[in-house]
Structures are given as C-alpha cells and as structure tokens.
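Reader: Please show me the structure, and then let us go through it in questions and answers.

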Amino acid sequence: LGSFSSPWISHLEYIYNDLDYMYCLISTFTVLLSLIIIPCYASYSLLFSPNKNQKSFITQNKTSLLVLLLSYISLHIYDHETNHGITHLIAGSDPKIQQLLEKTPILRRGPKPPIWFRNPNIQFIPWMIQNEIHARQGIQYQRHELVVTDCIDKSIPNCEADDIMKDTITLDVFPPLEDENDDDHYFSINFPKSTPVVLFAPGLRCHSQDLPSNSIIRAVYGKGFRSIVVNRRGHTPGQKLKSPRVNIFGDVDDLEQVYWHVKNKMISPNTPIFLHGISSGTAVVVSALSKWDKRALLEPHRPSPQFTAAVTATPGYDTSRALQPDRFKWPYNPLMSQMVKDHFFAFNEEILRSYDNDAYQRVMNASSLQDVVDASAHFAGYPNASSYYHHTNPINEMY
C-alpha cells in the first residue's frame with residue numbers, strides 16, 4: 001500500500017497498521033459472538049434438544065465451548081499484558097508522563113471490569129444509555145450569569161484586561177440557592193447557603209446536563225453537597241460568543257473570576273469549596289491550582305483562591321499531545337474534531353473570522369483534534385501554539 005500516493009490508500013494503511021484499533025474491532029466481535037450469541041444458542045440447544053443429557057450437550061456444542069474457552073484465554077492474556085490501570089491510555093514517550101507515573105504509582109492500578117466488558121468500546125454502551133436517560137430527565141438547575149474579562153495577549157506578564165475580550169458565562173447551580181422562586185424551594189430544603197459547594201469544570205463540548213453525564217451531580221446532591229457547574233466560554237448550549245476568545249480547555253483567569261463571584265456573592269462566609277475537573281476540564285483545574293499555590297507562596301499579600309480539596313477525573317495531563325491521533329484514536333478523534341469545529345467555531349464564525357480569518361481557516365482545515373487546538377491558540381489569547389502550551393499545559397506544572 002505504501003507505494004501508492006492516494007490519500008484513501010494512505011488512510012487504509014494507517015488504520016490497518018493500528019493494532020489497537022484492530023484489536024477493538026476483533027475483541028468486540030469476539031465478545032459479542034462468544035459471550036452472547038453462542039451461549040444463547042447453546043442454552044437454546046440445551047433446553048429444547050430432544051436428548052438433554054450432559055454428554056449430548058457437550059458433543060453438540062463443542063464449537064461453542066471451544067470458542068468460549070479460546071475467548072477467555074485471549075482476553076485473559078490481553079488483560080494480563082495491559083493490566084496497568086489507566087496507564088495504557090496516558091503512557092507515551094513524554095518523560096514527564098513517566099515521571100508522573102513514578103510519583104503516583106496508584107495510577108497503575110485501575111478497576112478491573114468483568115470479562116464480558118473488558119473492551120473499552122463495549123464499556124461505552126451502558127454508559128451512553130444511562131447518559132441519554134439522565135440527559136432526557138435533566139436536572140433543574142438555577143442559572144446565574146457572570147461577565148468575565150480577559151487580556152488580548154495573555155503571553156504578556158501582568159497584562160491588562162480589555163473590554164474587547166469581555167463575555168458572559170453561565171453558572172448552573174443545583175440544588176438552587178434559596179430565592180423567591182417556589183419551584184426551586186423543594187430541592188433547596190436542608191441546603192442553606194453554607195452548604196459545601198463543588199465547582200465543576202466540564203469536559204470537551206460539555207455543559208451542566210452532560211459533564212459528560214450528570215450522574216456525578218446526582219451523587220453529590222445525595223451526599224449533601226451543592227454543585228455549581230461552570231459553563232466555560234462557548235460551552236453554554238445555544239449561546240454565541242460575545243468576544244473572540246475561546247479556550248476549549250478552559251481559562252485560569254476566567255475560573256478565578258468565577259471563584260471570587262461564588263465566594264463573595266453566592267454562598268455564606270467560610271463555606272467549604274471543592275474543585276472537580278472532568279476530562280478536558282482537568283487542564284484548567286491543574287493549571288489553576290499550580291498558579292494559585294505559587295502566588296500564595298511568592299506573593300502572600302495577594303489573595304488567592306483556596307479549596308478544601310480538588311480532584312481531576314480522566315485527565316489528559318499533556319494537552320500538547322493528548323489529542324493526537326495515535327493517542328486519542330479513530331473513530332473518536334475525527335468525530336470529536338468535527339463536533340468541536342461545529343460547536344465552538346462554525347457556530348461563532350462571524351466574530352471569530354472578523355478577529356483572525358487566517359486562524360479560523362486553519363482551525364476548520366485541521367485534520368485532527370490536536371491540530372484544532374494548535375490552530376486555535378490565537379483565539380485562546382496566545383500568539384502561537386508553542387506559547388499557548390508553554391503557559392497552559394498542566395504537565396508543565398509538575399515538580
């Protein structure tokens with residue numbers, strides 16, 4: 001195939017040389033066949049065969065039992081070779097990733113799903129079903145709007161905010177803060193303004209009803225905490241950008257403005273505040289905590305956000321590489337690339353084109369999700385991708 005120059009042939013070569021992708025297809029088919037279809041057929045034969053003795057069953061279903069055995073052995077071997085928790089998703093050639101894994105060995109120990117759910121693609125199925133059910137039910141948030149400001153060039157130290165980068169983001173609160181709205185009062189019973197608060201930074205293209213999923217909001221409510229979901233610039237469904245500023249990983253300065261607004265105007269003094277980043281929302285959480293901890297240490301006279309605790313779920317760590325096709329694989333990469341282009345850029349084409357037409361065109365022509373992030377650096381407030389990652393990549397904050 002390598003002797004041909006056709007892009008389609010090259011694409012085929014790339015896919016079929018990707019052993020992980022091939023394993024996903026083969027193992028998915030194997031699981032469906034050996035653990036669902038054949039056992040069902042075998043059970044049917046056992047129940048309805050004229051001769052129901054054990055010897056006859058084994059004789060008649062030798063193929064079924066053999067496939068079951070081979071499937072179990074193959075999946076067990078694969079599981080044994082890749083049984084490093086989530087590290088096979090994040091371990092690349094970056095030495096800082098290896099350094100991180102050495103410092104946090106617990107990352108090498110992940111949950112072990114049952115054998116019929118070993119394949120990560122299959123694991124998506126029940127999650128997507130639950131996610132769709134929860135999304136249709138929805139959560140009755142109380143929405144607050146907050147005007148945030150930003151610098152034009154964030155690579156300049158101590159830059160001044162400019163009104164051209166002013167925009168409105170939304171904060172969705174559940175259970176609602178007590179007010180005159182009787183509909184909100186039911187969920188707010190036993191949830192005063194002093195109730196501990198969890199600030200959520202959702203994932204890519206996500207929002208309060210899908211962080212992804214909203215089961216975490218339900219769980220937090222069940223434990224007696226209030227959730228405040230920070231819908232970053234461009235994340236609120238149906239709301240266009242008012243300024244040519246969008247960072248799909250989130251902006252530390254915007255998050256700090258959210259913190260002070262919540263602390264000073266929405267909750268009681270001394271209320272415990274927690275910070276929770278999910279997927280791509282972890283980048284802004286890690287970067288923000290590092291920046292604020294440094295400030296508290298080096299400039300104690302300046303106030304810095306403080307949290308009781310923070311957590312990041314499924315982080316990418318190195319944002320300069322996490323979304324490359326060899327790590328964030330087919331078919332998810334091209335699907336998410338197009339979704340991100342449509343959601344953040346095509347939807348806001350007019351204001352983004354007027355600010356930087358060339359950057360907009362590079363984003364729309366990007367061939368992978370990582371290329372989209374690289375091309376959108378100017379819209380995030382940085383002159384180029386190198387500067388963007390230098391200032392925002394959470395892997396840089398590891399010491």
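**Salt bridges and aromatic rings**

Author: Asp150 has a relative accessibility of 2%, which makes it buried (buried means under 20% relative accessible area, exposed over 50%, partly exposed in between, with a 1.4 Å probe and protein chains only). This is a predicted model, in which local features need pLDDT of at least 70, side-chain atom pairs count only at pLDDT 80 or more, and totals for chains, interfaces and linings use all residues. Residues are numbered from 1 along each chain as its sequence is written, and side-chain values use heavy atoms, with hydrogens and water left out.

Reader: Which side chain meets that of Asp150 in a salt bridge?

Author: A salt bridge is a side-chain nitrogen of Lys or Arg within 4 Å of a carboxyl oxygen of Asp or Glu. Here the N to O distance is 2.8 Å. The partner of Asp150 is Arg245.

Reader: How many residues apart in sequence are the parts that Arg245 and Asp150 tie together?

Author: Helices (H or I, at least four residues) and strands (E, at least two) are DSSP runs, numbered from the N terminus. Arg245 lies in the loop between strand E4 (226-231) and helix H10 (252-266), while Asp150 lies in strand E1, so the parts tied together are 95 residues apart in sequence.

Reader: Is Arg245 buried or exposed?

Author: The relative accessible area of Arg245 is 1%.

Reader: What is the distance between the closest N and O atoms of Lys154 and Asp253?

Author: Lys154 lies in the loop between E1 and E2 and Asp253 in helix H10, so this pair ties together parts 99 residues apart in sequence. Lys154 is buried at 10% relative accessibility, whereas Asp253 is partly exposed at 24%. The closest N and O atoms of their salt bridge are apart by 2.5 Å.

Reader: How many aromatic pairs does the structure hold?

Author: Rings of Phe, Tyr and Trp (its six-membered ring) pair if their centres lie within 6.5 Å; planes under 30 degrees apart count as stacked, over 60 as edge-to-face and the rest as tilted. By this rule the number of aromatic pairs is 12.

Reader: What is the angle between the planes of Tyr141 and Phe174?

Author: The two residues sit 33 apart in the chain, with Tyr141 in the loop between H7 and strand E1 (142-151) and Phe174 in strand E2 (residues 161-174). Tyr141 is buried at 15% relative accessible area, and Phe174 is buried at 7%. Their rings are 6.3 Å apart, centre to centre, in an edge-to-face pair. The angle between the planes is 75°.

Reader: Which residues form one aromatic cluster with Tyr141 and Phe174?

Author: The cluster contains Tyr141 and Phe174.

Reader: Over the face of which residue does Lys240 lie?

Author: A charge sits over a ring if NZ of Lys or CZ of Arg is within 6 Å of the ring centre and within 35 degrees of the ring normal. Lys240 lies 4.0 Å from the ring centre. The ring belongs to Phe347.
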